[in-house]
Amino acid sequence: MGKLICNICGAIIDDKNYSFNKEAFPKENTLGNIIFCPFCGAPREYMTLENQKIKEEKYDLNFENLKIIDHAFKLEIFNGDFYDRASELAKNVQIKNMFKSLSKVEYVHAKIHSKIGKFIVKPKLKSLNYSRYKNDRELLDIACKREEHAVEYYERYGKKIDNYQIKKIFNVLANVEKIHIGLTEKAN
Ligand SMILES: [Zn+2]
């Protein structure tokens, strides 16, 4: 396959990484048919061939917009941390692997926001104790709720933010999180 660039997260997708994080997707990429960015989950329409260089977006954000991005950044780290911990706690191997892949995807989302907001420091979030969730079903339930919250956030603040490119990114990420809702519901 020719190399592809994801216009949402900036990853270069090639024949070595096209199937990364496959547990985080309802369908699998194949060499001949790339459906999602394996890193951020953006659909194929947001990818271009490597030789069609996209210009790096320069963001000059006002305080309100920066606040929205900062919150999105924290939300994704929070969810990435959750999935990371949930993957340790889950008993079922498939669910464990799905949580691990979802964790990686959410961290890529966090990286997208840190790039937009030029955030250098990873925020220290209160670490929650998830071991009170007794079984995989409870972990899936909480995962699903978090995804719903993320979708709500992106949809609500995608309307408020006044930058076309960020609106687009929020819209794409909302759809990726909707796919995660489907995955966590289905596994339950
Ligand atoms: Zn991507």
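Which residues in α3 meet which residues in α4? Hi everyone, let's start there. One thing before the answer: what you see on the screen is a predicted model.

So, the answer. On the α3 side we have Leu 140, Ala 143, Cys 144, Glu 147, Glu 148, Ala 150, Val 151, Tyr 154, Glu 155, Tyr 157 and Gly 158. On the α4 side, they meet Lys 167, Phe 170, Asn 171, Leu 173, Ala 174, Glu 177, Lys 178, His 180, Ile 181, Thr 184 and Glu 185. If you sort the residues of this contact by class, you get eleven nonpolar, four polar and seven charged.

Now, how do these two helices sit against each other? Two packed helices are described by the angle between their axes and the distance between the axes. Helix α3 covers residues 136-160 and helix α4 covers residues 164-186; their axes are 8 Å apart, at an angle of about 160 degrees. Angles over 145 degrees count as roughly antiparallel, so α3 is roughly antiparallel to α4. Their crossing is left-handed.

Let's bring in helix α1, residues 63-89. Its axis and that of α3 come within 11 Å and cross at roughly 165 degrees, which means that α1 is roughly antiparallel to α3. This crossing is left-handed too. From α1, the residues involved are Ile 68, Ala 72, Leu 75, Asn 79, Phe 82, Ala 86 and Leu 89. Their counterparts in α3 are Leu 139, Ala 143, Arg 146, Ala 150, Tyr 153, Tyr 157 and Lys 160. By class, that contact has eleven nonpolar residues, one polar and two charged.

Helix α1 has another neighbour, α2, at residues 93-117. The axes of α1 and α2 come within 8 Å, crossing at roughly 160 degrees, so these two are roughly antiparallel to each other. Here α1 passes α2 in a left-handed crossing, and the contact residues divide into twelve nonpolar, eight polar and six charged.

What does the record say about this region? An unreviewed UniProt entry places "domain: Rubrerythrin diiron-binding" at residues 67-116 and 138-187. In the model, residues 67-116 are 94% helix and 0% strand, with the end C-alpha atoms 12 Å apart. For residues 138-187, the figures are 92% helix and 0% strand, and the end C-alpha atoms are 11 Å apart.

Finally, the strands. There is an open sheet of three, in the order β2-β1-β3, with antiparallel pairing. β2 (12-13) and β3 (47-49) are at the edges with a single partner strand each, so one side of each has no neighbour in the sheet. β1, residues 4-6, is joined to β3 by three bridges. And where does Ile 5 find its bridge partner in β3? At Thr 48.

Note on methods:
Residues numbered from 1 in each chain as written. Predicted model: local features only at pLDDT ≥ 70, side-chain atom pairs only at ≥ 80, totals over all residues. UniProt positions renumbered as here; feature names shortened; annotations may be inferred. Helix = DSSP H or I, 4+ residues; strand = E, 2+ residues; numbered from the N terminus. Pairing = 2+ DSSP bridges. Axes fitted to C-alpha atoms, helices over the stretch in contact; angles between N-to-C directions. Parallel < 35°, antiparallel > 145°, perpendicular 65-115°, else oblique. Left-handed = near helix turned anticlockwise from the far one by under 90°. Contact = placed C-beta atoms within 7 Å. Nonpolar A, V, L, I, M, F, W, Y, C, P; charged D, E, K, R; others polar.
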